[in-house]
Amino acid sequence: MSPLTPAPSPKGSGRLARRTGAVVAAGVALVGMVGYLLVLNYRSSRTVRENLLRQHVQQAQLHAVALGNLFSAADKDIRNVAESREVAAFFENRDLGMSMQYGLALSLVPIQERLASLAEPPGADPERAFQRVALLDTDGTPLADSAGLDGTPWVEPFDPEAIPDGVRLSPDGRRLTLYRAFWFKGRYAGHLVAWLRPDAVLRTLERLAGSDRFSFYVLDAEGRAYRPVGHDPALPVLSRRIQSIPTDGRMVEVSGDRSDEEYVAMRVPVPGQPFSLLDVDRVSDLVGDLSPTASAVNLTVAVAAVLGVVLLAVFLNTKSLVLQARLDESLLREQEVAEKHNALQREVAERQRLQAAHALLAVAVDQAAEAIAVTDPAGLIDYVNPALERITGFSAAELRGRPLVDLYGGPGSSGVTKEVMDALAHEPMWKGEMTSRRRDGAPFDAHIIISAVRDPGGKIVNLLLVGRDVTEEKRLREQLRHRQKLEAVGTLAGGVAHDFNNLLTAINGYAGLALEGLQDGDPVKEDIAEIQRAGARAADLTRQLLAFSRKQVLKPQVVALDIAIAGVEKLLRRLIGEHIELSTPRGAGLWRVRVDPGQFEQVLVNLAVNARDAMPKGGRLTISTANVVLSEAEARRYAEGAPGPYVRLTVSDTGLGMDEATLPHVFDPFFTTKEQGKGTGLGLSTVYGIVRQSRGFLGVQSEPGRGTTFEIFLPRELAEAEPLPSPVPQVLRSRSGRAAETVLVVEDERQVRNLLLSQLSAEGYTVLAAADGREALALAERHGGQIDVLLSDVVMPQMGGPELARVFVERHPETRVVFISGYADEAVARHGELDRAAAFVQKPWQFPELAGVLRRVLDQRPTS
Amino acid sequence: MNYSCVQRAAKLLLAACLAALPLGAPLAGDGGDLEAVKERGVLRHLGIPYAGFVTGSGDGMDVELVRLFAQRLGVRYEFVQTDWPAALPDLTGRQVSAKAADLGRAPASPVRGDMLATGLTILPWRERVATFSTPVFPTQVWVVARADSPVQPIKPSGNVERDIAAVKVLLARRSVLGVSATCLDPSLYQLEATQAQLVLKKVRLDEVAPVLINGEGELALLDVADAMIALQKWPGRLKVIGPISVRQQMGVAFRKEAPHLREAFDAFLTEVRRDGTYRRLVQKYFPEAPIYFPDFFIAAR
């Protein structure tokens with residue numbers, strides 16, 4: 001011991017002794033543990049070895065089953081051929097006496113094909129089980145052979161009675177052959193024989209055993225091994241030893257031809273077949289080289305290695321703890337950096353979002369349809385958007401720096417700025433509608449909102465103007481209002497006219513009857529004649545009211561307007577007088593339109609009269625026609641215009657013209673600029689009503705001193721034009737002097753009904769009268785005799801005229817129909833036009849007119 | 001021979017030629033030899049649905065063969081369907097038949113095709129009106145009966161003439177079905193002398209077997225090609241009694257005025273036999289044929 005070395009203290013010796021004891025105890029414990037592990041390892045090694053060998057036995061049994069299945073499947077294939085329709089047909093034909101030379105050989109062809117399909121050459125289908133298949137006659141002659149009858153002859157003789165069906169090994173062990181005898185009508189008819197393909201047999205075994213370790217051999221009942229050509233396995237044990245191996249599948253140990261090899265072997269029977277499967281394996285191939293002793297040594301070394309590794313791990317662990325602490329700190333810092341990074345990314349994203357929102361706002365303002373302007377607090381313009389430039393015609397550069405009042409103010413609106421500023425002092429916005437001027441001086445109406453932009457302290461920092469051009473909107477509103485007004489007046493006028501017509505029918509009719517009853521020179525006669533004249537004027541007025549209200553009955557037809565104009569030209573010349581020149585240039589190839597020719601004539605007459613009155617000192621009246629196709633924009637110029645193809649009728653004069661205040665009212669009923677008594681104020685209203693009822697529309701342009709132009713647009717009609725109606729000669733009395741026919745009068749107005757009863761009876765007719773449709777039908781039933789004419793009102797309670805006519809004519813086809821009406825009420829308006837075959841007489845009528853229509857209808861009946 | 005005799009003979013010859021012209025000359029704008037077919041750009045194949053030669057479904061051994069031939073010539077293929085009585089008139093442009101096989105005297109008719117390939121048996125009268133390719137298929141005509149017929153098949157003697165005689169003996173006083181103007185025409189085999197009751201049916205050749213099975217006759221003539229198919233279709237319902245003709249051969253018919261077209265086809269046939277195409281077609285449409293006629297098909301290789 002070195003003097004420098006400090007002597008161990010008693011305390012230190014005790015500690016050492018304790019340490020030594022601990023070490024010894026640990027060593028004993030370790031040795032004990034190692035010993036325990038060695039025993040454990042030895043026992044488990046034995047168990048593993050036994051299990052491996054048991055598994056191997058089971059595997060061999062599986063292989064035997066697989067081989068048995070292969071043989072069974074092959075046998076089934078051959079059985080199928082033996083029982084096939086083709087084989088039966090051959091023997092059937094042979095039984096019929098057919099010779100091979102004449103026909104029988106043909107029956108072998110499908111059998112030949114079938115056999116060939118079972119035994120394709122190797123490579124075509126690796127699963128095919130047969131190398132060659134043949135159908136042999138009872139004497140062994142091949143009838144069909146998969147190898148072809150001109151191929152290798154079937155050289156294997158066999159005794160058909162001695163060889164049982166199934167797979168057999170050839171004496172030389174080279175071939176497995178399947179035999180199957182077959183019978184026809186109870187007689188032995190031949191054999192099907194097939195060579196099993198070695199490939200198929202060996203592949204079945206290889207697939208189960210694994211390609212790297214083939215150790216199975218097929219033995220027949222005599223213990224001969226199957227050794228196909230090209231697959232000649234060298235058995236590792238001598239053949240004499242094979243006989244000593246039990247055939248019940250037990251595993252036995254045998255020594256190999258080489259003394260240093262140890263083998264295990266077993267023979268497993270192939271189920272259902274006279275074959276067994278021999279398995280011979282080196283023990284080391286099955287369980288490896290690991291013996292229990294070697295395991296113990298290996299285990300000891302392994303334990304020592306594990307201990308060393310544990311110590312090393314403890315050492316390394318200490319170091320790794322330090323490293324871990326550093327790593328944790330580093331991770332903490334990294335986390336902080338990541339959080340900062342995320343916060344920065346959020347901020348960037350927020351900025352990008354704000355920038356995008358700002359850009360979106362800028363684009364929206366730029367592309368907005370509304371005009372937008374922004375000013376400084378003093379109201380000087382900083383910014384205007386393109387819509388404002390478009391509406392006003394001013395560029396942004398021209399407006400920048402100018403007072404806002406220049407935009408929304410107009411003539412006489414200089415005080416608006418103060419008004420706006422006063423409003424904004426108390427309200428969030430100011431809004432108003434006003435007329436302003438564009439850059440080219442054209443006026444336009446605008447709806448404007450001005451709001452204040454304030455800073456957080458409430459101080460105004462900007463003014464924002466948002467405006468909308470409402471010129472077109474106002475124009476449309478005005479058009480709508482005007483149309484509604486005409487509609488309302490029309491409805492009122494139509495309603496009044498209806499009642500008036502019934503009254504006038506009675507007044508005029510009874511006046512006529514009274515007149516007929518008075519002697520010439522009676523002083524009352526002239527008074528009643530005056531009543532009749534007043535009634536006629538009133539009837540004319542109501543007719544015009546009906547025309548305006550579009551509730552008169554039209555009988556439209558397809559016409560060429562220029563022909564219609566030519567027809568009325570003479571009448572117009574008479575109307576306007578010689579001091580006015582009439583010009584009627586007409587467009588070539590004019591389209592056709594659908595109008596009531598009589599009503600169209602009324603339109604021309606009214607417009608001509610209107611023009612005549614506007615040209616007291618003479619002038620020129622031009623009536624022209626043209627085909628036009630109106631675009632959407634062009635159609636908007638007219639209050640009720642719609643785009644499409646039209647025939648345009650233009651009536652223009654060189655008269656006094658009208659001012660702006662008059663123009664909107666020209667079509668109003670009873671509106672007239674003529675002096676009292678010169679006009680009814682219904683002429684242009686009638687024109688308006690007829691045109692609208694004919695699905696057209698019209699417009700008027702006029703300026704004082706520059707004349708007036710009316711444009712009438714009638715929709716194009718594609719159908720062919722119909723001939724214009726020829727004037728019907730007025731037959732004022734029946735041609736026979738006194739009528740002998742029967743008329744059924746249906747009229748809900750009592751006075752009118754009674755009037756008709758009196759007038760028609762006086763004419764000689766037999767008159768039946770009913771108050772409505774149902775009563776009329778019942779009356780006709782009761783009457784029983786022939787009814788020649790049904791004279792019916794159109795609008796009646798319960799059953800209207802058109803419906804009554806339909807039912808009536810169904811029951812009485814010989815009866816003719818004449819309608820009468822005060823106006824075509826809603827029911828007529830809905831149907832618009834009555835059946836053109838039926839006659840119609842408008843209330844109030846002159847009785848001769850009605851009598852003439854009746855006579856004409858009756859005389860037009862077919863004679864029997 | 002003096003001058004007047006020569007002159008008279010020349011006049012007679014000229015008159016005969018002029019008289020024969022409207023009868024003998026095929027109609028204008030038709031036919032032609034190989035060059036005309038190439039110039040026209042179309043090869044018109046006359047065919048009749050029959051066995052596997054022309055199936056009627058757009059294919060058949062002859063259809064495929066002629067289609068390949070057209071392809072070889074570089075022209076478009078066109079199938080023209082005809083029937084047995086009209087087949088040779090459609091080819092030759094003359095109204096010829098077995099009983100009127102004189103081309104010079106037969107009236108003219110429109111030419112509708114350039115070659116007739118439809119399992120056509122080479123018969124002497126046909127060779128008088130048309131020229132045939134090298135044989136493309138063998139055939140023979142048999143007598144067949146229903147399975148329940150009392151007539152029993154003959155035992156082959158090894159000599160086909162003796163076998164035919166044996167069969168003819170069996171036909172006496174029995175009804176025998178045939179189809180005129182075809183290879184199943186009884187007149188081709190002198191059956192009138194057998195005292196058989198000959199029944200001529202207007203049916204397609206492949207309908208003869210079902211007609212027989214339906215009981216419309218006791219016996220029928222059937223060529224080997226149809227017999228192959230019938231025995232497959234109706235096994236156990238028919239039996240072959242024996243031959244009524246010696247071994248025959250089928251060929252493709254051409255106009256006698258089209259020797260170059262026939263030569264081109266023969267050259268084509270040699271080539272397809274060599275390269276295996278012909279064998280594949282036979283195998284496709286008549287798989288039994290090489291087994292039944294091994295000598296023909298071995299020679300055809």
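At 0% relative accessibility, B:Trp142 counts as buried (under 20% relative accessible area, with exposed over 50% and partly exposed in between, using a 1.4 Å probe and protein chains only). This is a predicted model, in which local features need pLDDT of at least 70 and side-chain atom pairs count only at pLDDT 80 or more, while totals for chains, interfaces and linings use all residues. Residues are numbered from 1 along each chain as its sequence is written, chains are lettered from A in the order in which they are written, and side-chain values use heavy atoms, leaving out hydrogens and water.

**The interface**

- Chain A brings 18 residues to the contact and chain B brings 25 residues, where contact means heavy atoms within 4.5 Å.
- Between them, the two chains bury about 1700 Å², with 67% of it on carbon and sulfur atoms; buried area is the accessible area (1.4 Å probe) that two parts lose on being put together, summed over both.
- On the chain A side, A:Leu96, A:Tyr102 and A:Leu106 lose the most area to chain B, together 43% of what that side buries.

**What chain A supplies**

- Helices α2 (85-95) and α3 (100-118) of chain A each supply at least two residues of the side that touches chain B; helices (H or I, at least four residues) and strands (E, at least two) are DSSP runs numbered from the N terminus.
- The largest share of that side, ten residues, comes from α3(A).

**Aromatic pairs**

- Over all chains the count is 25 aromatic pairs, meaning rings of Phe, Tyr and Trp (its six-membered ring) with centres within 6.5 Å; planes under 30 degrees apart are stacked, over 60 edge-to-face and the rest tilted.
- A:Tyr102 and B:Trp142 form an edge-to-face pair, 6.4 Å centre to centre with 80° between the planes.
- A:Tyr102 sits in helix α3 of chain A and B:Trp142 in strand β6 (residues 141-146) of chain B, so this pair joins two chains.
- A:Tyr102 is buried too, with a relative accessible area of 2%.
- The rings of A:Tyr646 and A:Phe713 have centres 6.1 Å apart and planes at 80°, so they are edge-to-face.
- That pair links distant parts of chain A, 67 residues apart, from strand β19 (residues 644-653) to strand β21 (residues 708-715).
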